[in-house]
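Colleague: I'm new to this one, could you walk me through it?
Modeller: Gladly, let's have it on the screen.
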Amino acid sequence: MQNRRKSLSGYTKPMAATASYVQKLGAAVKKVAGKRGSSWYTPHMAAATRAIMERIPLVDLVIEVRDARVPLSSEYELLRNFPHSLRHIILLNKMDLASRPQLKVWRAYFEQQNLISYEVNAHNKEHVKEFLNFLQARVRELTRTDHANHTITVMLLGIPNVGKSALANALHHIGRISAAEKGKLKHATVSPLPGETKDISSLKIGSHPNIYVLDTPGVLPPMIPDAEVCSKLALTGAINDCLIGESELAQYFLAIHNLSDEYKKWAKLSMHHSEKITVDGMETSSDSELDKRRKQYATDHTQDFVVHDVRRTLFETVSSFPGNPETGKDLVELIEAQFSELQKAFKVLVDTEAHTKVAAKLLNLYRTGRLGHYTLDSIPRNY
Ligand SMILES: Nc1nc2c(ncn2[C@@H]2O[C@H](COP(=O)(O)OP(=O)(O)OP(=O)(O)O)[C@@H](O)[C@H]2O)c(=O)[nH]1
Ligand SMILES: [Mg+2]
C-alpha cells in the first residue's frame, strides 16, 4: 500500500477519506434530532436538563465526566453557561479505551487552558482510589477557604454513556464510610445503552466531612450542528445505535481503524507469521481444548479465539490491500471486503441480517477495548 500517512501516538488523524462516512452519519444524526418522537432529546432528557441546571449552583464541586476517546466532542454543553472555576474538574473516563500517549497530550492541553483534568478507568479500583484521594484533597481545600458546612456535595455531570453511574458506584464502594453504611451499599444502574439513568441520586463517598456524590442522567443538547462531533458521539455510544444504524457506525469505525496504525500490533496473529493462537499474549491451552471451545462457543464474539480471528482478519485485509485507503473510493472498497471477511471470522451465516450482525459484534468489540485504542479528537489548531 502506498503513501500511508502515519498516525501520531495513537491519535487518528481526520482525513478526507473518512469524510463520506462522517457526512453520512452526521446527516443520520441530524435527521433523528429533528424528528419529534424519535430524537435522543426525549421529554425525560428535557426534564433532567432543567433539574440539573437548578442543582449546579448549589453543589460544592462539579465533576464533568467526559469520554477519554473524545475529550472535546464529549463536552457537557450545559456547563458553558457557568464560568470555569476551581470547583470544576474535567474527568476523562474510559481511559483504558483511549490512546495512552494521547492522554498526556490532553492533560497538558487542559492545564494550558487553566482547567483541572484527571483521567480514570471506572472499572479499575486503584484508579478510582487515587481519584478519590485527589477529590478529598480538593474538598479539604474547599472547606478551608470557603468555611463550607460539613456536608459536601459533588455532582457527576456528562453526556450519556460516559460512565457516570459506574464511577458513582465505584466511589461509593471504595469511599471512606462507616462499617454500618458499608453494609447498606446502594447501586446506581450501569448499562451499555445510553440514557439508563433517569433521576438524580445521591451516594455517600466519605465521612468527616460527609461527602455525597450525585449521579445524574446523561444529557445532550437537542441539536448537534457539527457532523464530525455527531459521528464521534454516535460511535462512542452516547446516542443509541438504533437511531443511527449499526452498519453505518461499524463502517465509520473501520474507516478510522484502516487509517490508523493499530492493526499493525496484530501482525503476529497473521497466519503467515504464526499458527498459534495468542490473545493479549496469553497462549491458549491444548489444541483439543481449543477445538472444543471453538465448537461450543462458535458464535460468541467475546471469546478469545473469535477476537483473535477478528484481529487477524483486520490485519490481513488492511496489509494486503493493493489500493490506497486514503482515497475515499479505495477505502469504501476495503471496508466492503472487510465486512465479508469479518462475517467468516464472526461465524455469521449468510442471510439478509448478516451485515447488521457483523456490525453489532464489531462495535461491541471496539467499545470494550478489544480492537485497539483510539483517540478520535484532535487538539485544537490554535492551541
Ligand atoms: N471500558 C470502560 N468501560 C466503562 C468505563 N466506565 C463505564 N464503562 C461502561 O460504559 C457503559 C456506560 O456506563 P454508565 O455508568 O451506565 O454510563 P452513564 O454515564 O451513567 O450513562 P447514562 O446513565 O446513560 O447517562 C457501561 O457499559 C459501563 O460498564 C471505563 O472506565 N472503561
Ligand atoms: Mg447513568
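Modeller: Keeping in mind that this is a predicted model, we can start with strand β2 (residues 88-93), which runs parallel to β3 and is joined to it by 4 bridges.

Colleague: Which residue of β3 is the bridge partner of Leu91?
Modeller: That is Tyr118, which sits in β3 and pairs with Leu91 through a bridge.

Colleague: And what sheet are these strands in, in what order?
Modeller: They belong to an open sheet of 6 strands with mixed pairing, and the order across it is β3-β2-β1-β4-β6-β5. At its edges lie β3 (116-119) and β5 (201-206), each of which pairs on one side only.

Colleague: What does α5 touch in the sheet?
Modeller: Helix α5 packs on the sheet and touches β1 (61-67), β2, β4 (151-157), β5 and β6 (210-215), while its direction makes about 160 degrees with that of β6.

Colleague: Switching to ligand 1, which helix gives the most to its shell?
Modeller: Again α5 (residues 164-174), with 3 residues. The shell has 25 residues, of which Gly163, Ser165, Ala166, Thr197 and Gly218 come nearest, and by type it divides into 9 nonpolar, 12 polar and 4 charged.

Colleague: Last topic: how do α9 and α13 cross?
Modeller: The axes of α9 (residues 246-258) and α13 (residues 354-367) come within 8 Å and cross at roughly 50 degrees, so the two helices are oblique to each other. The crossing is left-handed, and the residues that make the contact include Leu249 and Phe253 of α9 and Leu362 and Tyr366 of α13. By type, the contact residues divide into 8 nonpolar, 3 polar and 1 charged.

Terms used
Residues numbered from 1 in each chain as written. Chains lettered and ligands numbered in written order. Predicted model: local features only at pLDDT ≥ 70, side-chain atom pairs only at ≥ 80, totals over all residues. Near = placed C-beta within 6 Å. Nonpolar A, V, L, I, M, F, W, Y, C, P; charged D, E, K, R; others polar. Axes fitted to C-alpha atoms, helices over the stretch in contact; angles between N-to-C directions. Parallel < 35°, antiparallel > 145°, perpendicular 65-115°, else oblique. Left-handed = near helix turned anticlockwise from the far one by under 90°. Contact = placed C-beta atoms within 7 Å. Pairing = 2+ DSSP bridges.
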